Amino acid sequence: MGASGSRCNNTACFAGALNGFGGSGRSESSSAEPICVTVCGAAGLIGYSLLPMIASGLMFGRCQEVILQCLDLNLPEVKDSMRGLEMELMDGNFPLLRQAVFTTSEDIAFKGADYAILLGAFPRQENRDKRDIMEKNVMIFRTLGTALQEHVKPNCKVLVVGNPAHTNALICAHYATRLPKQNFFGLTRLDQNRAVGQIAKHLDVSAADVKNVVVWGCHAKFPDVEHAVVKGRAFSDVLTSEADIAYFNDLFRQELQTRGANIMRARKSSSALSTARAIVDHIYDLHFGTRPGEFVSMGIWSDQCSDYGIAEGLIFSVPVVCMGGGLYQVHKGLKLSSASQRRLEQVQDELLAERTLAQ
C-alpha cells in the first residue's frame, strides 16, 4: 500500500507542528527514509485507534513518511480484522503512509523496525493465580524478545503497553540482548494524561496549562502532583480551598486508579482511544524532545534511577527529559514527601515481586 502524496517543505512542516500540537514550537524535522514501526497486537481496539494516528503524522510529524508493519495472531477472526484494517487505511488516503503490512509472521513484522509497539499481553484475571498469568506473559514476551533480537534495527526503541507492562518490558529486554536496556520502555503516559485531565477539569483550566505530573513505578499505582505546575505556578499555590486539598489528597488517586474500569462500564469497551493517544505522546516526545522546562513519565531501565534510590534491574517509571532522536535522561533532584516516598517503595516492592515471579 503506497503513499498518495508528496513530502511537504520545512515551512509547512513547522505549521503542521503548530496545528497538531498546540503551538509547542518543537520543530518536526523529517528524515529522507520512512520510519518503520512494528505494531504487535494491531488487530485489537487500541490498534484500530493507533494506526490512523501514526499514519496521519501525529507520532512522527506532518512531513515524515512511515511504514507500518502490523502483527497479530494467526486466527481466522483476527486475520479478517487485519484485512479490514488494511482496507480502511487504504481508503483513508494517508499521504504519509508509504506502506502498511499486515502479517502473522514475527520475521516479517519486526524486520528493520525503528520502533516497536507491543500492545497485547495475557490479561490479569480474577481468581486466577498470578504465577500462572506471569508464565503466560513470559512465553509471549520471550517470543517477542527473540523476534526483536533477530530482526529489528540495532537502535530500535521498544514500547510495551500490555500489562503488567513494566515487567513484560523487562522480560522482553532479557531476550533481546542485542538492544540496549535503555531502549525498552513501559507505558505510563496514559496515567499522566489522565492525571492532567482530572487536574484541568477540577481547576477549570486547559490541559495545556498543566505540566510536570509524575507517575512513579508503573501503571495505575502512584500519580504524583507534588511537582506539578499549573499556568506557571506551583501546584500547591493554586489549591485555593480545603475542598481542593481534600480532593487531591484522596479522591483524585481513587478516580485515577478506577478510571479504566469506569470507562469499561460506560462504553462496554476498553479505553482504547486514550491509550492510543498516550502511546503517540510517549513516542512523539522521545522522537522530538520534551518542551523546555517540562518532564514526562516513562518506564525506563532502573539502573539509571539511582538518584531516587530505586532498585536496579527493573523497568520503573520516573520523570524524564527527552532530547529528541530517542535520547532521554532522568530528571533528577525532585524531593518527595515522606508519604510519597513510602508509596514509591511500595510500588517498587510490587515490581520486585513480579520480577521474581517472572524468573
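At roughly what angle do the axes of helix H7 and helix H9 cross, and within what distance do they come? In this predicted model, the axes of H7 (residues 189-203) and H9 (residues 242-257) cross at roughly 140° and come within 11 Å. The protein chain that holds this helix pair has twelve helices and 14 strands. The radius of gyration of the chain is 20 Å, close to the 21 Å that the globule rule gives for 359 residues, so the chain is as compact as a globular protein of that length.

**Overall fold**

- Taken along the principal axes, the box filled by the C-alpha atoms of the protein chain is roughly 55 × 50 × 40 Å.
- Buried residues make up 51% of the 359 residues in the protein chain.
- Among contacts with a separation of 6 or more in the protein chain, 75% come from residues 24 or more positions apart.

**Packing of helices H7 and H9**

- The crossing in which H7 passes H9 is right-handed.
- On the H7 side, the contact is formed by Arg-194, Ala-195, Gln-198, Ile-199, His-202 and Leu-203.
- H9 contributes Asp-244, Tyr-247, Phe-248, Phe-252, Glu-255 and Leu-256 to this contact.
- Sorted by class, the residues in the contact of H7 with H9 comprise seven nonpolar, two polar and three charged.

**Nonpolar cores**

- In soluble globular proteins, nonpolar side chains tend to be buried together.
- Here, the largest nonpolar core has 63 residues, and Leu-50, Ile-54, Ile-117 and Ile-279 are those with the most contacts inside it.
- Helix H11 (residues 272-288) gives the most to this core, supplying seven residues.
- When neighbours within four places in sequence are left aside, the contacts of Ile-279 are Ile-46, Leu-50, Met-59, Ile-117, Leu-119, Leu-159, Val-161 and Leu-187.
- Two of these partners of Ile-279, Leu-50 and Ile-117, are also listed among the residues with the most contacts inside the largest core.

**Leu-75 and its loop**

- Leu-75 lies in the loop that runs between strand E2 (66-71) and helix H3 (76-92).
- Leu-75 counts as partly exposed because its relative accessibility is 37%, which falls between the 20% limit for buried and the 50% limit for exposed residues.
- The C-alpha atoms of Leu-75 and Thr-104 are 8.9 Å apart in space, while the two residues are 29 residues apart in sequence.

Conventions
Residues numbered from 1 in each chain as written. Predicted model: local features only at pLDDT ≥ 70, side-chain atom pairs only at ≥ 80, totals over all residues. Heavy atoms only, no water. Axes fitted to C-alpha atoms, helices over the stretch in contact; angles between N-to-C directions. Helix = DSSP H or I, 4+ residues; strand = E, 2+ residues; numbered from the N terminus. Left-handed = near helix turned anticlockwise from the far one by under 90°. Contact = heavy atoms within 4.5 Å. Nonpolar A, V, L, I, M, F, W, Y, C, P; charged D, E, K, R; others polar. Core = buried A, V, L, I, M, F, W, Y, C linked by side-chain atoms within 4.5 Å. Buried < 20%, exposed > 50% of the residue type's maximum accessible area, 1.4 Å probe, protein only. Rg over C-alpha atoms; globule rule 2.2 N^0.38 Å.
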